[in-house]
Amino acid sequence: MRQQPPFASLSAALAALGTVLGVLAVQLRANGYEPYVESVATTSVLMWTTACLTVVTWFRYRQQSSD
């Protein structure tokens, strides 16, 4: 049996990073750092999207391995 790549830890870390960046974007907006909000918020969404795609890849990997 092959060793499974660390999909769970990778997706959890990406989701946590996306959450932290989202909170940072809200704090930046509240403190008046408007020029930075868009880039930080975009990076947050990118991290969450990557976390979701990692879960999809994990699911497909498990289906392929079970056949």
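Buried means under 20% relative accessible area. Keep that cut-off at hand for this tour of a predicted model.

**Stop 1: Thr 54.** Select Thr 54 in helix α2, which spans residues 34–66. Its relative accessibility is 9%, so Thr 54 counts as buried. Now show its surroundings. Leaving aside residues up to four places away in sequence, Thr 54 touches Phe 7, Leu 10, Ser 11 and Leu 14.

Stop 2: How many aromatic pairs does a search of the whole structure find? It finds three. Phe 7 and Trp 58 form one that is stacked. Their ring centres lie 6.5 Å apart, with 20° between the planes. Zoom out to see both helices. Phe 7 sits in helix α1 (residues 7–30) and Trp 58 in helix α2, 51 residues apart, so the pair links distant parts of the chain.

Colour the two by accessibility. Is Phe 7 buried or exposed? Phe 7 is buried, at 12% relative accessible area. Trp 58 is partly exposed, at 25%.

**Stop 3: Tyr 33 and Tyr 36.** Select these two rings next. Their centres are 6.5 Å apart and their planes stand at 50°, so this pair is tilted. Tyr 33 is partly exposed, with a relative accessible area of 44%.

**Stop 4: the cluster.** Phe 7, Trp 58 and Tyr 61 form one aromatic cluster.

Terms used. Residues numbered from 1 in each chain as written. Predicted model: local features only at pLDDT ≥ 70, side-chain atom pairs only at ≥ 80, totals over all residues. Heavy atoms only, no water. Helix = DSSP H or I, 4+ residues; strand = E, 2+ residues; numbered from the N terminus. Buried < 20%, exposed > 50% of the residue type's maximum accessible area, 1.4 Å probe, protein only. Contact = heavy atoms within 4.5 Å. Phe/Tyr/Trp six-rings, centres within 6.5 Å; stacked < 30°, edge-to-face > 60°.
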